[in-house]
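Hi,

Here's the structure I promised to pass on.

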Amino acid sequence: MIKKVAIVGVGYTNFRSTTPDLSYRELTYEAATKAYEEAGVDPRKDIDSFVSTAEDFFEGYSIADEYCPDQLGAVLKPVNTIAGDFLQSLITAYMMILTGRLNIVAVQAMSKASNMTTLGELELFAFDPVFNRPLAENPHFVAGLEMNRYLHDTKTTREQCAKVVVKNKKNALNNPYAGHGAKITVEDVLNSKIISYPLTHLDISPASDGAVVMVLASEEIAKKLTRKPIWIRGVGWCSDTFSLESRDWGESTSTRLAAEMAYKMADIDNPKKEIDVVELSDIYSYKELQHLEALKFCNKGEAGKMIDNGITEIGGELPVNPSGGSLGVGHLYECSGAQKTLEIVLQLRGEVGKRQVKNANIGLAHSWRGVPTTTSVIAILGN
Amino acid sequence: MNNKKLNFKGTALRSSDIKEKKVLTTSWKPSLQYAWDDGVAIGRYLKELKNGKIIARKCKKCGRIMIPPRMFCELCFRPTDEWVYVKDTGIINTFSISYVHWDARRIKEGEKPFIPAVIEIDGASEGMGILHVLGEVDPEDVKSGMRVKAVWKSPEERIGAITDIKYFKPIIER
Amino acid sequence: MGKRRVAIVGAGMTKFVRRAQETGKELAYEAAKMALDSCELTLKDVDCVSLGTAPDAFDGVHMKGEYLSDGAGGWRKPIMRPYVGGGTGVFTAIHGWLQVTSGLFDICLVVAEEKMSSCYPHPAGAFLTIFDHTTEQPLKPNLIWIFALEMRRYMETYGISHRDIALVSVKNKKNAMDHPCAQIPQEITVDDVLNSEVLADPVHLLDISPTSDGAAALVLASEHIAKKITDKPVWLDGVGWNIDTAYWATRDLCYPRYVEKAARMAYEMAGIKEPHKEIQVAEPYDPFDYKELHHMEGLLLCGKGEAPRLTAEGVTARDGNLPICPSGGLLGVGNPIAASGVMKICEIFWQLREEAGKRQVPGKPKVGLAQAWGDLMQVGTVVVMRR
């Protein structure tokens with residue numbers, strides 16, 4: 001068994017469409033202060049290393065990692081950035097502690113999506129510059145292509161995808177940190193503007209701002225710092241091909257492979273039975289269903305039935321995205337995995353009030369990096 | 001590989017290969033835009049620049065008066081405590097005389113070089129400098145340790161930006 | 001678990017050139033393939049990939065780690081992109097070290113790529129946006145400004161002349177004449193440097209490394225596997241990294257205290273007590289000639305302000321007591337940002353294995369060091385290597 005590492009403190013801001021009152025520095029400072037207070041650590045004395053999460057063009061800086069240390073209390077400390085999802089940063093921090101050389105590591109991610117005033121153009125800028133970018137008008141077309149192939153392969157319906165939106169936005173109404181809760185119907189989703197058929201406006205999660213900081217510690221220290229350590233039981237991450245021309249459109253291969261790695265590490269044979277609560281990537285509605293299959297919570301083509309039968313509702317057999325997910329909380333870009341992890345931590349600690357999943361002891365957080373990527377990251381957490 | 005000769009790949013192109021279309025090229029001009037929230041500290045800093053003043057923040061724990069201002073002390077990791085107006089004069093910590101624009105274009109014949117400098121602002125803690133440029137001075141006369149003063153745009157021209165200060169110029173000591 | 005020893009068992013790189021015909025993906029592939037071939041492994045043997053590449057603005061692709069992933073051997077593998085600006089190259093190897101030392105994996109492919117020439121008309125344009133968007137960018141700074149400001153502060157603090165500093169450029173460009181990948185190997189004189197075009201005084205054209213395209217790669221393995229792969233493993237015995245405040249104008253630029261902190265972390269791990277005696281060959285980061293001196297001091301290879309004297313006395317020459325940048329460094333071999341950091345590790349790997357050919361330093365060195373630097377004169381990344 002790999003030496004245990006635990007999350008001993010979390011800090012976060014609310015997630016909102018805009019945050020005009022705070023700079024990116026001030027937003028992270030708020031989350032960091034809360035995380036350190038909860039963990040009972042002083043970043044200037046106790047924390048051995050810091051991992052931030054940033055992509056240059058999301059932040060609007062070349063070499064965006066320059067601007068991470070000050071607001072984390074990390075000046076003149078070992079600090080690095082991961083150009084990826086928060087969950088990849090969390091895994092980096094986890095590996096640092098497993099080396100036996102660092103004991104307390106802080107992890108950060110932040111979204112200031114409201115400051116990116118040309119988000120569509122920006123997402124397009126991630127496409128292959130020679131083969132794909134000149135052909136594309138709107139980056140969501142990749143999701144439209146994938147959704148159509150997924151529906152075709154699995155006989156899942158657009159209505160079933162719409163039910164995901166209805167469920168997640170409803171869950172978000174009970175989540176004080178979520179910015180996009182709403183009471184809507186399946187018809188509302190189906191009748192909203194088509195963005196890239198079969199994808200409608202409401203099938204797509206809205207961009208949001210926010211920041212998350214977490215503190216991780218080795219077993220010995222975690223037990224001293226908190227009565228409720230949340231242990232990292234398994235991690236997995238994977239990138240499938242970047243090429244649009246040769247990827248598998250029907251399934252999320254990267255999620256499947258990352259899950260196999262994480263389940264093996266966490267010694268999980270039957271995910272549906274052994275995992276109590278799931279936060280997975282729902283940047284687009286169909287992705288929740290596609291990811292449920294890739295995570296082996298059901299066979300291929302059966303996720304639609306799970307939503308039909310209420311299995312993924314908060315009171316269901318396998319609650320999925322009780323926070324409201326990206327559809328209800330907002331799409332946080334590189335901070336997406338942070339919100340997923342945050343919700344699992346709060347659920348396992350039993351601290352979320354109305355949206356609490358009963359008897360939650362093992363949870364899974366999953367993030368996908370959005371179009372046009374095929375990168376998926378997973379952490380399995382437990383009490 | 002120990003006995004094998006190393007085989008390094010990589011093919012150099014010349015500019016002429018592109019001009020003469022020996023290789024095909026494609027281009028993309030991104031039109032990315034951002035509207036950064038300036039937040040509490042920098043928001044006030046810019047507002048004061050519009051008023052023709054420079055403002056800093058003080059941390060009572062370490063005693064530092066910090067510019068540019070920040071709402072947290074990065075060394076003590078606690079909120080800063082109060083606003084402090086500092087002077088628009090200072091000392092040159094270090095400087096350069098630059099003959100290149102930001103994108104590596106050379107300045108034109110006869111054009112004056114830029115003189116960027118780190119200026120330690122009077123009233124802020126020792127060593128607290130900002131990046132700005134110098135003006136009304138011959139490049140050969142600039143020295144580290146020289147005292148300088150801000151030259152402001154007129155109140156009508158000021159917009160709440162670091163460029164509300166046109167440049168810093170030497171203070172002639174009498 | 002933990003505290004496993006990690007070895008470098010293979011290394012590879014492409015030629016460094018001003019403008020490569022190969023795409024960024026292809027450069028990454030060529031370096032990765034060479035590294036794998038050098039230790040007779042294939043991609044099937046690789047458990048995970050650490051990919052290093054610096055500003056996305058160079059390649060002109062947002063999230064370029066994703067774009068490069070299949071070129072770097074990351075297809076359907078755990079791949080991650082660590083990022084610390086110019087320090088990225090060496091940190092990518094440190095990230096690979098983490099992956100193996102943590103016990104999660106046995107074999108990690110470390111790949112660093114940069115294709116700066118894609119940024120048009122000049123890659124320097126990508127550097128405008130490294131400055132604070134509100135308080136600095138409106139002044140339209142050029143990247144060279146901050147180096148000029150730092151170089152002057154260093155010179156004035158310790159009474160160092162430009163002539164003292166130019167010796168580094170002369171040495172490194174000459175060393176590069178023996179490097180088959182070098183972009184600007186040259187035999188020049190101190191006067192050539194002093195008489196070259198003034199870009200931002202005191203920085204002249206020949207004080208600076210070029211912009212480049214290129215890639216470099218390493219194969220890391222855990223102890224028990226490494227010994228099966230090669231009889232000449234080079235151990236990654238110490239790693240260190242550190243970042244200083246982003247408020248760069250509020251620091252004393254005469255000394256890189258963040259490099260010292262990173263070095264002390266690596267020395268402690270490697271059990272190095274007297275670095276100036278124990279380190280036998282070093283590749284500190286030299287994007288500018290004064291930077292090599294600055295970094296030698298930060299790495300505690302000499303006292304503050306003493307590096308110019310060691311250079312003038314020939315101590316840092318390839319046949320000196322402490323050879324510095326025997327590869328030719330960034331000044332001679334070229335500077336494709338992230339790839340140049342890994343190039344430095346490749347050089348120490350070849351030196352410790354006595355495979356550096358014409359560049360081989362005498363005395364069969366056992367302990368070497370590679371270092372990179374980045375961000376707003378802010379990041380130090382260090383590895384200590386042993387045979």
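B:Arg57 sits across from B:Trp83, a residue of β5(B). That strand pairs antiparallel with β1 (residues 54-58) of chain B, over 5 bridges. (Strands here are DSSP runs of E with at least two residues, helices are runs of H or I with at least four, and both are numbered from the N terminus; two strands pair if DSSP finds at least two bridges between them.)

Before going on: this is a predicted model, where local features need pLDDT of at least 70, side-chain atom pairs count only at pLDDT 80 or more, and totals for chains, interfaces and linings use all residues. Residues are numbered from 1 along each chain as its sequence is written, while chains are lettered from A and ligands numbered from 1 in the order in which they are written.

Back to chain B: its open, antiparallel sheet has 3 strands, in the order β2-β1-β5. β2 (65-66) and β5 (82-86) each have a single partner strand, so one side of each has no neighbour in the sheet.

Chain B also meets chain C. Strand β7 (residues 97-98) of chain B runs antiparallel to β6(C), joined by 2 bridges, and B:Ile97 stands opposite C:Asp201.

How many residues does each chain put into the contact? Chain C gives 47 and chain B gives 40, counting two residues as in contact if their C-beta atoms, placed from the backbone, lie within 7 Å. On chain C's side, α1 (24-38), α5 (143-158) and β6 (198-201) each supply two or more residues, and α5(C) gives the most, with 7.

Cheers
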